[in-house]
Amino acid sequence: MKQKFLKKYRYSLILLRELVITDFKLRYQGSALGYIWSLLRPLALFAILYVVFVKFLPVGKGIPHYPVYLLLGIVVWNYFTEVSNNGVGAIVGRGDLIRKLNFPKYVIVLAGSFSALINLALNLVVVVIFAVASGVEVSIGSLWAPLLLVELFVFSLSVAFLLSALFVKLRDINYIWEVLMQGAFYGTPIIYPINSIPVIAQKVLILTPPAQIMQDLRQAFIWPQAATVGTIYGTEWARLIPVAFVAVFAVFSMLYFRRHAKNFAEEV
Amino acid sequence: MAENDIAISVDSVSKFFKLPHESNNSIKARFTNSIRKKNKGYEVQHALQGISFDIKKGEFFGIAGRNGSGKSTLLKILAGIYQPTKGTVRADGKLVPFIELGVGFNPELSGRENVYLNGALLGFNRKEIDAMYDEIVEFAELAKFMDQKLKNYSSGMQVRLAFSVATRAKADIMLIDEVLAVGDADFQRKCYDYFKALKKTDMTIVFVTHDMSAVREYCDRAILIEGGHITHEGKASTIADEYLKLFMDKGSALVINEANRWGSGEVTFSDISHKVTQSDITISFTLNNNTDKTFDETIDFGLDFYSEDKLITGTHYNQSHTKGLSLSSKQKKKVISVFPNTLGMKNYSINMNIKTDKGLVVCEEFTSAVNFYNTHGKSTFFPVVTDADFKIE
């Protein structure tokens with residue numbers, strides 16, 4: 001079984017590995033601090049938001065360990081941003097290669113998502129350090145965290161697949177996506193507690209996968225009373241809605257990508 | 001022919017491209033084009049139409065054609081890069097395309113890292129490249145530079161490195177575009193050595209080119225593509241001749257086109273006669289410059305001996321002379337060529353040709369200009385000596 005899988009996907013695996021290594025090597029090449037930047041960037045954003053929203057406009061007053069809560073939100077959001085932004089240009093950016101070689105195109109998108117995953121792992125280590133330093137009690141709920149990260153990975157990857165294929169046909173997508181993401185930063189409860197907005201808005205926002213994953217992670221990891229899909233809709237069954245959405249969306253975007261991958265060479 | 005003898009089978013393949021009139025990639029263009037329904041927004045280009053052929057296993061197969069004939073599109077379809085609009089392509093075995101050398105090379109990475117990356121694209125994992133890494137570096141003669149970034153390499157060094165990786169590729173079928181037309185003489189010699197080595201393996205090679213001397217030298221069979229159709233299929237030398245003919249059609253009014261004579265007609269044969277004795281075969285003829293042009297050491301003429309449609313031997317003027325023959329305006333020159341008679345006791349026919357511009361322009365190709373039965377033939381088959389003695393009067 002394993003042998004068969006390895007044989008079928010041998011080429012893809014070799015390519016994936018090389019592309020991830022290359023991506024990672026190239027990312028901070030020539031910069032003095034190198035990989036440290038992947039930690040410094042979210043920490044810098046965190047520092048700014050911390051000063052503004054803890055010292056000047058204390059929006060998170062009622063939340064215990066708010067700084068850790070905020071940092072976790074930023075780290076999750078950054079991962080989603082990185083994967084989707086990489087995704088938009090992934091196929092078009094490799095047009096040169098695609099026009100000259102026939103290889104499984106999904107590997108390019110997957111590689112971009114994996115190198116962001118390395119960043120996410122590094123960032124989560126920082127979150128854990130912060131959490132321990134500020135005395136967060138680790139609860140049994142933390143065991144959910146890996147599953148939530150899988151959901152985050154799948155959703156971000158699906159968005160990347162869809163965007164990369166759409167961008168080949170419609171070169172406006174990058175601008176549209178940029179504007180959408182700016183709006184989504186404020187439409188996702190990263191800074192503010194979700195229960196500080198009108199109930200109807202809560203019900204809509206919490207169903208978006210980044211918000212749902214963020215809140216579930218916070219509940220599991222930092223604050224058991226954090227609002228989730230379950231508490232907002234009043235039934236734990238409601239949790240299935242975003243999960244089902246992610247599953248359907250993943251299938252749709254991968255099928256869409258696969259259908260159009262054949263023509264990338266002519267269109268990029 | 002048994003089914004499993006076929007390496008690549010191409011069945012009525014067509015390829016159409018939609019060429020947008022102006023960029024149709026923005027939402028605005030989509031929107032305005034859908035309102036102006038009359039304007040389809042694109043034109044259909046028929047790059048290939050109804051192409052069918054088979055390539056046998058182990059064959060060195062040429063695809064010849066002028067620029068824009070569709071030969072590169074065909075190669076990309078064979079490589080699986082483009083999908084055919086109609087028809088099917090079946091390939092039996094692992095296929096590696098070389099549309100370009102050094103695909104995926106990244107200037108920001110070191111030579112070593114690029115070897116691994118380029119190797120991965122050819123399907124080698126790290127272990128496999130580790131095993132051949134030293135050979136690759138040695139062949140490229142770049143041992144001192146492997147830890148430098150590729151952007152600091154000269155273009156010649158980059159090509160050498162790319163070629164060195166490419167020659168490691170192991171596949172059942174290799175698709176080669178005219179990648180080898182680059183580099184200096186030394187590099188080209190390496191390429192041709194590699195080609196000769198390839199010819200000896202049991203790999204199937206598909207070679208796309210417009211270099212007819214390469215077609216003649218390496219290919220077993222070839223097709224000629226013109227305007228998206230296969231116009232000829234057959235022996236490599238025949239295809240090479242047909243290809244050169246394409247350039248004749250646009251020539252001056254001098255064009256000769258009889259059943260067995262064609263060419264630009266600028267220089268032609270006349271007064272051809274032959275004499276066969278025990279020791280020699282003598283062919284005499286006159287070269288006529290029909291133009292007012294002066295050919296300054298650019299004329300080459302040749303004689304190819306055929307028996308039962310097989311090329312037995314041949315020679316041409318430039319084989320024994322470093323410079324071509326000169327003909328001034330309207331000049332005629334009588335040539336007597338003497339061959340030692342080492343041929344068998346059989347029917348022979350001689351194809352004669354005159355070329356200029358390094359063989360690119362065919363002035364005349366005269367098929368079966370001379371036919372004779374070698375009554376003084378040897379019963380045993382002697383090694384054929386092709387050294388001719390050309391006497392120019």
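Colleague: Which strand is joined to β17(B) by four bridges?

Modeller: The model is predicted, so to speak of its local features pLDDT of at least 70 is needed, and side-chain atom pairs count only at pLDDT 80 or more, whereas totals for chains, interfaces and linings use all residues. Residues are numbered from 1 along each chain as its sequence is written, chains are lettered from A and ligands numbered from 1 in the order in which they are written, and side-chain values use heavy atoms, with hydrogens and water left out. Strands (E, at least two residues) and helices (H or I, at least four) are DSSP runs numbered from the N terminus, and two strands pair if DSSP finds at least two bridges between them. The antiparallel partner of β17(B) over four bridges, at residues 389-392 of chain B, is β20.

Colleague: Which residue is the bridge partner of B:Ser337 in β20(B)?

Modeller: β17(B) and β20(B) run antiparallel. Within β20(B), B:Ser337 has as its bridge partner B:Phe390.

Colleague: How many bridges join β13 to β17 in chain B?

Modeller: Strand β13 covers residues 280-289 and strand β17 residues 332-340 of chain B, and the two run antiparallel. One of the pairs sets B:Ile281 against B:Phe339 in β17(B). The number of bridges joining β13 to β17 is nine.

Colleague: What is the strand order of the open sheet of three strands in chain B?

Modeller: The pairing in this sheet is antiparallel. Its edge strands, each pairing on one side only, are β2 (42-56) and β4 (86-91) of chain B. Neighbouring strands are turned against each other by 25 degrees on average, direction ignored. The order is β2-β1-β4.

Colleague: How many bridges join β1(B) to β2(B)?

Modeller: These strands run antiparallel. Along them, B:Phe17 stands opposite B:Gln45 in β2(B), and B:Ser9 stands opposite B:Asp54 in β2(B). The bridges between β1(B) and β2(B) number eleven.

Colleague: Which are the edge strands of the open sheet of six strands?

Modeller: This sheet of chain B has the order β5-β6-β7-β3-β8-β9 and mixed pairing. Its twist averages 15 degrees from one strand to the next. The strands that pair on one side only are β5 (95-98) and β9 (229-235) of chain B.

Colleague: In which sense do β3 and β8 of chain B pair, parallel or antiparallel?

Modeller: Strand β3 spans residues 60-65 and strand β8 residues 221-226 of chain B, with five bridges between them. B:Ile63 stands opposite B:Ile223 in β8(B). The pairing of β3 and β8 is parallel.

Colleague: What area is buried between chain B and chain A?

Modeller: In contact (heavy atoms within 4.5 Å) are 32 residues of chain B and 27 residues of chain A. Buried area is the accessible area (1.4 Å probe) that two parts lose on being put together, summed over both. Carbon and sulfur atoms give 58% of it here, and the area is about 2,600 Å².

Colleague: At what angle do α7 and α8 of chain A pack?

Modeller: Axes are lines fitted to C-alpha atoms, for helices over the stretch in contact, and angles run from 0 to 180 degrees between N-to-C directions. In α7(A), A:Val159, A:Leu163, A:Leu166 and A:Phe167 meet A:Ile173, A:Asn174 and A:Trp177 in α8(A). The axes of α7 (residues 145-169) and α8 (residues 173-187) are 9 Å apart, and the angle is about 145 degrees.
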